[in-house]
Amino acid sequence: MKKILIWGTGNFARKFLNNGCHGEIAGFIETNKSIDTFMNKPVYDSREIPEEYDYIIVANSYVNEIYSLCLKIGIDVSRLIFLYGIKDRVGCVDETILKEILQERNYTIYCAEFGLNDAFLNKDIAEYKKLNKRASFDIQEKYMWPVIKDKYSYAGTIGNYFWQDLWAAKLILRSGIKTHFDIGSRLDGFIAHLLAADIDVTMIDVRKFPGEAEHLHTIVDDATSLHQIPDGSIESMSALCSLEHFGLGRYGDLIDPEACFKCFDNIQKKLRKGGKLYISLPIGKERVEFNAHRVFYASTVSECFSALQLKEFSCTAEGKIEYNVDIHKYDNDSHNGEYRYGLFHFIK
């Protein structure tokens with residue numbers, strides 16, 4: 001039986017194990033070690049990987065960085081098995097080995113990721129041909145449209161975005177307001193929830209909008225200064241997982257290390273007395289992960305909105321919401337396998 005190490009200590013790693021694999025799990029790897037054990041197995045730093053292993057499963061979203069690091073520090077990349085997110089098939093590509101270790105579910109995911117059809121498809125084609133009695137629905141090569149990624153996928157996604165969108169939408173709907181202002185939140189989730197309730201939403205984003213929808217009013221502009229809005233005019237405002245990106249250039253905005261903090265100040269000016277604000281931001285050990293986003297201490301967010309009263313601080317991570325969290329609970333959280341989002345409800 002092959003001895004396996006898994007690079008990752010988050011949801012990708014859990015999903016890989018839940019799908020089943022064939023091998024002895026000897027431990028887990030973190031690029032920069034932050035915990036000693038995961039799922040009752042030892043965790044190794046990327047620069048202290050034990051020599052006795054057969055393959056490393058890269059069950060992690062930072063695949064390109066991991067591949068580059070392995071080349072740099074001399075890890076044998078032919079013993080890496082990448083499951084997600086890397087453009088080319090690198091590492092181990094021996095299909096016999098892959099099928100043995102990954103087993104059907106993980107191997108199907110691997111095939112879907114790299115556009116391979118050598119999973120269950122041929123078996124299903126043979127079974128269909130044996131059972132089909134309708135000539136007009138015979139399988140014909142010219143109409144083949146193979147889709148293999150859905151075989152073992154979940155019926156949708158219930159992750160951080162799902163919970164933060166639901167959290168904010170519920171509070172806004174219960175508030176009874178009929179007009180709302182938003183900065184860069186998710187159009188096909190949170191904003192759609194509000195539009196379905198016939199709430200007029202004015203949304204500002206530095207990116208162009210893909211189309212029009214009833215009750216949706218759009219402004220394509222940088223929202224740092226919020227010069228588009230009169231002071232003291234907003235009754236209800238949101239910004240879900242958007243403000244952490246300001247000033248990093250990721251979305252075509254100008255580089256400005258202070259951009260998000262400027263926007264924090266301006267949001268407070270635009271709210272009227274009694275106005276409500278709903279924001280979410282990555283929280284944990286404070287840092288910038290350029291050019292993706294910033295991660296904040298929850299207390300930094302609270303202090304930056306000192307002109308407002310914090311009504312609720314909750315968190316979403318690992319498929320759930322943790323309500324009414326101590327403001328300093330996650331100050332030393334450097335990584336959670338997936339990011340933890342702080343949910344802040346303020347009132348002026």
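This briefing describes the fold, selected helices and strands, and some side-chain arrangements of one protein. The model is a predicted one. The protein has 348 residues, of which 45% count as buried. Its secondary structure consists of eight helices and 16 strands.

**Overall layout**

- Taken along the principal axes, the C-alpha atoms of the protein fill a box of roughly 65 × 60 × 35 Å.
- Of the contacts between residues at least 6 apart in sequence, 58% join residues at least 24 apart.

**The six-stranded sheet**

- An open sheet is formed by six strands, and their order is S3-S4-S2-S1-S5-S6.
- The pairing in this sheet is mixed.
- Strand S3 (37–38) and strand S6 (80–82) are the edge strands, each of which pairs on one side only.
- Strand S3 pairs with strand S4 (residues 41–45) in the antiparallel sense, and two bridges link them.
- Phe38 has Lys41, in S4, as its bridge partner.
- In general, the strands of a sheet pair through backbone hydrogen bonds, in either a parallel or an antiparallel sense.

**Helix H5**

- Helix H5 covers residues 160–175, which makes 16 residues.
- From its first C-alpha to its last, H5 reaches 23 Å, close to the 22 Å expected at 1.5 Å a residue.
- The buried residues in H5 are Asn160, Gln164, Asp165, Trp167, Ala168, Ala169 and Ile172.
- Gly176 follows H5 and has a positive phi, near 85 degrees.

**Helix H7**

- Buried positions in H7 are Ala259, Cys260, Cys263, Phe264, Asn266, Ile267, Gln268 and Lys270.
- Among the elements that the buried residues of H7 pack against are strand S7 (179–183), strand S10 (234–240) and strand S11 (271–283).
- The buried residues of H7 also pack against strand S13 (293–295) and helix H8 (298–304).

- Phe261 is partly exposed, because its relative accessible area is 24%, while Phe264 counts as buried at 0% relative accessibility.
- Phe261 and Phe264 belong to one aromatic cluster, together with Phe296, Phe305, Phe313, Phe344 and Phe346.

**Strand S16 and its partners**

- Seven of the eight residues of strand S16 (residues 340–347) are buried, so S16 is largely enclosed by the rest of the structure.
- Strands S16 and S11 pair in the antiparallel sense over eight bridges.
- Tyr278 has His345, in S16, as its bridge partner.
- S16 also pairs with strand S14 (residues 309–317), again in the antiparallel sense, over seven bridges.
- Phe313 has Phe344, in S16, as its bridge partner; Phe313 and Phe344 are both in the aromatic cluster.

- Asp205 lies in strand S8 (residues 200–205).
- The relative accessible area of Asp205 is 8%, so Asp205 is buried.
- Asp205 is 22 residues from Ile183 in sequence, and their C-alpha atoms are 6.2 Å apart in space.
- Leaving aside residues up to four places away in sequence, Asp205 touches Gly184, Ile219, Val220 and Asp221.
- The side chain of Asp205 reaches the backbone nitrogen of Arg207 at a distance of 2.9 Å.

**Charges over rings**

- Arg207, whose backbone nitrogen is reached by the side chain of Asp205, lies over the face of Tyr251, at 4.7 Å from the ring centre.
- Arg340 has its charged end over the ring of Tyr330, 3.7 Å from the ring centre.

Methods
Residues are numbered from 1 along each chain as its sequence is written. This is a predicted model: local features need pLDDT of at least 70, side-chain atom pairs count only at pLDDT 80 or more; totals for chains, interfaces and linings use all residues. Side-chain values use heavy atoms; hydrogens and water are left out. Two strands pair if DSSP finds at least two bridges between them. Helices (H or I, at least four residues) and strands (E, at least two) are DSSP runs, numbered from the N terminus. Buried means under 20% relative accessible area, exposed over 50%, partly exposed in between (1.4 Å probe, protein chains only). Contact means heavy atoms within 4.5 Å. The expected span of a helix is 1.5 Å times one less than its number of residues. A polar contact is a pair of N or O atoms within 3.5 Å; within protein, one must be able to donate a hydrogen and the other to accept it, and residues adjacent in sequence count only if both atoms are side-chain atoms. Rings of Phe, Tyr and Trp (its six-membered ring) pair if their centres lie within 6.5 Å; planes under 30 degrees apart count as stacked, over 60 as edge-to-face and the rest as tilted. A charge sits over a ring if NZ of Lys or CZ of Arg is within 6 Å of the ring centre and within 35 degrees of the ring normal.
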